[in-house]
Amino acid sequence: MPSYRVPRIAASEITPERCFIDRRAFMAAAAGGLFLGGTTSGHAGPLKASASAYKLDEPMTPEKDVTSYNNFYEFGTGKGDPAANSGSFKPSPWTVKVDGLVGKPREFGLDELLAFPLEERSYRMRCVEAWSMVIPWIGFPLAALLDKVEPLGSAKYVAFETVVRPDEMPGQSGYFQPLEWPYREGLRLDEARHPLAILSVGLYGKTLPNQNGAPIRLVVPWKYGFKGIKSIVKISLTETPPPCTWNLTAPNEYGFYANVNPAVDHPRWSQATEIRVGEGGFFGSNRRDTLPFNGYADEVASLYAGMDLNANF
Amino acid sequence: MTILPTLPKRLHGASVSMLYALGFIPAVFAFYLGATGQLPGNAIKEFEHLLGLWALRFLVATLAITPIRDLFGVNWLRYRRALGLLAFYYVLMHFLAYMVLDQMLRFPAIIADIARRPFITIGMTAFVLIIPLALTSNNWSIRRLGQRWNKLHKLVYVIAAAGALHFAMAVKVVGPEQMLYITLVAMLLLWRVVRTRFLRWKRSRTGFTRSIAATEKAAG
């Protein structure tokens, strides 16, 4: 009897991951009678951006890893949870409210945010858990948005808040909630105005996937990843240091500054080295030395001149 | 007493071998996925964490044998050595994954980790303590050590507690999974405290004739 052979499937016939992952969102929408002929933009679509001078010689972390290995506790604490549980999150419509010590407080709609001149910038991303990635973000300088609201002279800090939607974000409901919501982060105003600090609206040539902080998130590449607050709904300029979620949760572990610093260990991790995700699998030489300010010392070290970085970790 | 159908005696040996074979499946499968680049994200950490979690699971299973027998009259004592040794092998692989794959044999970093990070110190302590238990998990040692074997193997209580604590301290936020293992280990250890009283009560109630000494010897 001839043995059974598994038929070969042409690559062109394999359903792209996005289509079948979308199914859950589609079913949920259809079940709720919300299906209006075309899925919402819960998942990434193409996004145009101009090239920029911010490029790296290092290989990019594969898109698959960037979009499947995430810390986004609003969707669960596991690394795969954000990709698995963010299917029903609706990043559109969206508004970001900018208020506080500004001359022109206002709200920005998603189309207004996408109308900022978008650039593609490849940045290293260093997580406080001692792993890192290289990600081609699409975004615009945070300073460009701040300029539009005209910060007052008394403004010294910028506070950020993530959306709270327990119905769409399973980590925000139920008995066990890992953090206090909303997730909050903050920067000093001069840090926020630094040209490297961007608001990102996309990656890998597409709008941000939900698990990466759709539709808009902060990227500050010289700081640990948790400073990069996701799905921002509010930005306030303040005179005093704003509360930051991880800093409030464990002040001895996470400082306000959270600048990448190989010389200052986290109580649970040495910060001297890092694993570059998606490089070399098990046996590649993928543990590398962590650089001060994540390799951006030339650009940003002057912001902290004269400061004790051991005390201000 | 017995709730489950009894496994014929001739299959006992085979069922233990089967347990070993099944027990290694998670490690082998994860290693295959990781070595072929199919574990997403931080493959080394995923592998390391999986090994640690299974070590804890086997420790819990090892400690559950006695209460299961006490409470339900199901005697799975024949599987306890295999479960304990599987726990040891997973702890060993967890440590090797950390040392070789994760830290790439950077010994100064490893020593600094052990010395400075309480969760690693605790984990290392558990690893060191489980070694003598694995080395004496054979009939010869049991005969040779006599009562001292029982005393020595009470270390498993410390190891399980250290393992659960290590797990909880390793994460940024203690979540349901960590709470589950802390609760399980706490309940299993608590059982050892109330056990003698329970057995006495049970014997007085049901006319259970076996001596407490005999059951205690087996419990370890």
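This is a predicted model: local features need pLDDT of at least 70, side-chain atom pairs count only at pLDDT 80 or more; totals for chains, interfaces and linings use all residues.
**Helix H1 of chain B**

Colour Gly23(B), Ala27(B), Ala30(B) and Gly34(B), which are buried residues of H1(B). An α-helix has 3.6 residues a turn, so residues three or four places apart point the same way.

Now view H1(B) along its length. H1(B) consists of 24 residues and spans 35 Å between its first and last C-alpha, close to the 34 Å expected at 1.5 Å a residue. Centre on Ile25(B), where H1(B) bends by about 35 degrees. A proline, Pro26(B), follows within four residues of that bend. Step past the end of the helix to Gly37(B), which follows H1(B) and has a positive phi, near 70 degrees.

**Chain B as a whole**

Chain B contains ten helices and zero strands, and its pattern along the sequence reads α-α-α-α-α-α-α-α-α-α. Along the principal axes, the C-alpha atoms of chain B fill a box of roughly 60 × 40 × 35 Å. The radius of gyration of chain B is 19 Å, which agrees with the value near 17 Å that a compact globule of 220 residues would have.

Colour by burial next: 29% of the 220 residues of chain B count as buried. How much of the contact in chain B with a separation of 6 or more comes from residues 24 or more positions apart? Such residues account for 67% of those contacts.

**Loop between H3 and H4 of chain B**

Select Met104(B), in the loop between H3 and H4 of chain B. Met104(B) is not a glycine, yet its phi is positive, about 50 degrees. Is Met104(B) buried or partly exposed? Met104(B) counts as partly exposed, because it has 16 C-beta neighbours inside 10 Å, and 20 or more would be needed for a buried residue.

**Where chain B touches chain A**

Bring chain A back into view and select the residues in contact: 19 from chain B and 21 from chain A. On the chain B side, helix H1 (12–35), helix H2 (43–72) and helix H4 (107–116) each supply at least two residues. Which helix of chain B gives the most to this side? H4(B) does, with three residues. Coloured by class, the side of chain B that touches chain A shows twelve nonpolar, five polar and two charged residues.

**Backbone details in chain A**

Go to the loop between helix H3 (81–85) and strand S1 (95–100) of chain A, where Pro93(A) is found. The peptide bond from Ser92(A) to Pro93(A) is cis, and its omega is near 0 degrees.

Move on to Pro215(A), in the loop between strand S8 (206–207) and strand S9 (217–219) of chain A. Ala214(A) and Pro215(A) are joined by a cis peptide bond with omega about -5 degrees.

The last stop is Ser231(A), in the loop between S9 and strand S10 (232–238) of chain A. Ser231(A) has a positive phi of about 45 degrees, although it is not a glycine. Is Ser231(A) buried or exposed? Ser231(A) is buried, because 28 other C-beta atoms lie within 10 Å, and the cut-off for a buried residue is 20 or more.

Note on methods: Residues are numbered from 1 along each chain as its sequence is written. Chains are lettered from A and ligands numbered from 1 in the order in which they are written. Two residues are in contact if their C-beta atoms, placed from the backbone, lie within 7 Å. Ala, Val, Leu, Ile, Met, Phe, Trp, Tyr, Cys and Pro count as nonpolar, Asp, Glu, Lys and Arg as charged, and the others, Gly among them, as polar. The radius of gyration is taken over C-alpha atoms; the globule rule is 2.2 Å times the number of residues to the power 0.38. A residue is buried if 20 or more other C-beta atoms lie within 10 Å of its own, exposed if 12 or fewer, and partly exposed in between; C-beta atoms are placed from the backbone. The expected span of a helix is 1.5 Å times one less than its number of residues. The bend at a residue is the angle between axes fitted to the seven residues ending there and the seven starting there.
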